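Have the viewer open and follow along.

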Amino acid sequence: MPSQKVYFSIPPLNDQSVQSSTGAVLSGGFSPKNGNSYVKFALSSQDRMLPTDEMYLTGRICMVNSDGTPLTPMENGGTASITTPHYGANNGANLTQMANQNISNWNGLESVVKKIFITSKKTSVNISEIRNYPMYNAVRKAYQNNEDDYLISPMIRASAGGTKAGFLNRHIATMDNCGTGASGQVSNVSSLNDEAYGQPFSFHLDTALLNNSQPLMLGQNYLGGIEVHMELNNENGVFSDRFRDTGSGQTACDNDGSYYILKDLRLQGRLLVPTPQDLQMYQDNFVLNDNFNLINDVNSSVNNSKYTPNVSMVRSVVNLFLDNDQENNRSFNQTNFRNPCGLVDYQQNKNNIRQPQDFKIEVVPNQLDTATYAGGTLAPKDISNKASTMGDAEVRNFFQRAVLNGELAAKTVAGLKLTADSLDEDYADRTTDGTGATDGVGLQTACDALGVGLDYTHNMGLTSNFSGAADYDLLMKSGVNSADSELPISRRSKSEIQQSYIKNVSAFNSTTLVKQM
């Protein structure tokens with residue numbers, strides 16, 4: 001048992017203070033647009049242990065307009081004011097900037113982190129890296145929390161609202177309307193320069209090494225200290241508009257060019273002072289539950305995606321699908337994970353042999369199925385609850401197991417109600433629904449959390465060997481890019497991007513700094 005626990009709170013090595021100038025313009029800090037987009041923390045070499053599961057990234061975020069002024073509510077007359085109508089204006093000509101500035105439902109402000117690299121200070125060896133952090137992190141959160149959970153920890157720590165994000169995000173985006181030297185409506189914030197200015201956050205960096213149950217030894221005989229490098233996500237990959245099609249004549253809600261600034265960043269946690277017995281019992285080798293990201297395209301209704309992971313212990317494969325114009329586009333929500341448009345069936349192969357599932361996974365019925373009856377033809381798009389016409393129980397089952405290492409979700413937000421809401425917004429169309437010219441169509445905060453997955457663990461810790469030239473294939477039949485009239489106008493003529501996460505077990509030696517995958 002450690003003899004002492006020492007608290008630490010360290011700023012970035014390249015820290016820049018946030019400053020305000022005449023006209024309440026904010027500058028400095030960390031920002032991918034008008035600031036430093038790279039953050040670097042360092043923990044020096046010392047004979048102490050770092051329990052990474054107790055380490056948090058903390059700070060504050062400021063939402064600003066394209067000119068650097070804070071995103072604050074204004075009355076029609078131009079007088080700064082925070083009033084109830086601004087928070088209730090969701091659509092049409094009354095849609096405001098705050099309601100139109102949305103972040104991820106599932107992982108909230110964690111989506112500002114795009115890439116994470118961890119290196120040893122002793123040799124500058126790259127120990128761990130995650131190149132597309134937000135998406136897998138978001139879908140994991142969706143399968144670890146239910147609707148009520150999101151109103152507690154994810155909401156408090158990272159401003160993630162879950163299924164309620166459409167009601168909560170405007171409160172997150174709104175900055176206090178104080179000036180350079182005067183308080184605003186929230187009188188305890190004295191000015192823009194106040195240390196309490198901005199929306200606070202505090203969350204784990206969810207990587208194999210930085211959220212591991214095994215403490216890291218920072219001494220010179222081991223890691224020799226570590227450096228944590230982060231690259232921030234661009235603002236179009238963090239923010240999304242409230243509606244896919246906002247409507248005509250909407251100038252009051254225009255957020256084009258708006259961005260975020262991170263201030264007062266800290267890496268906080270505790271260091272353990274080991275006893276001689278702790279040092280004697282410390283295991284140099286330990287296992288990391290790792291993952292890495294691969295990308296492919298789905299260009300047609302019959303598609304084959306092939307990867308060569310080249311790792312020896314694969315636990316599962318998690319495939320997420322985005323429309324080809326959905327990523328890094330403010331008009332769409334980056335973490336709205338839907339099944340491939342009009343999914344009919346799929347099979348997953350290893351070296352051209354179907355395994356471990358020696359059968360196709362079929363969606364029966366699906367979005368392309370129609371039925372003839374005495375009164376005519378009935379199609380899924382005509383059903384009130386469209387999710388009830390999709391027989392995707394097996395797809396959901398295998399996807400949950402892929403995300404959760406062979407287990408079914410004890411609690412999750414991914415249900416038929418969520419899918420039904422998402423499908424309603426996919427099918428919504430101004431030309432066919434008779435929607436008014438100024439009304440928003442296609443609500444972006446009605447997100448889903450689905451995908452195609454394959455689990456090799458069987459909830460028993462098993463893995464599959466993909467070292468060398470072993471291939472993984474996903475053969476899929478769907479309505480992607482088919483222009484089929486049964487599918488939503490908003491999606492049926494688009495190709496899709498397949499974001500695949502290969503979850504694997506890697507062995508790491510903290511003395512030699514060798515990682516075996």
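Start at helix α3, where the buried residues are Tyr133, Pro134, Met135, Tyr136, Asn137, Ala138, Val139, Arg140, Lys141 and Ala142. Buried here means under 20% relative accessible area with a 1.4 Å probe, counting protein chains only. That makes ten of ten residues in α3 (residues 133-142), so the helix is largely enclosed by the rest of the structure. And what does the covering? Among the elements over those buried residues are β7 (113-120), β8 (126-130), β14 (285-298), β16 (314-323), α8 (393-403) and β25 (496-509), with contact taken as heavy atoms within 4.5 Å.

A quick word on what you're looking at: this is a predicted model, where local features need pLDDT of at least 70, side-chain atom pairs count only at pLDDT 80 or more, and totals for chains, interfaces and linings use all residues. Residues are numbered from 1 along each chain as its sequence is written, and side-chain values use heavy atoms, leaving out hydrogens and water.

Now zoom out. The chain holds ten helices and 26 strands, read as DSSP runs (H or I of at least four residues for helices, E of at least two for strands) and numbered from the N terminus. Its radius of gyration is 24 Å, close to the 24 Å from the globule rule for 517 residues, so the chain is as compact as a globular protein of that length. That radius is taken over C-alpha atoms, and the rule is 2.2 Å times the number of residues to the power 0.38. Along the principal axes, the C-alpha trace spans about 85 × 65 × 35 Å.

As for contacts with a separation of 6 or more, 79% come from residues 24 or more positions apart.

Notes. Buried means under 20% relative accessible area, exposed over 50%, partly exposed in between (1.4 Å probe, protein chains only).
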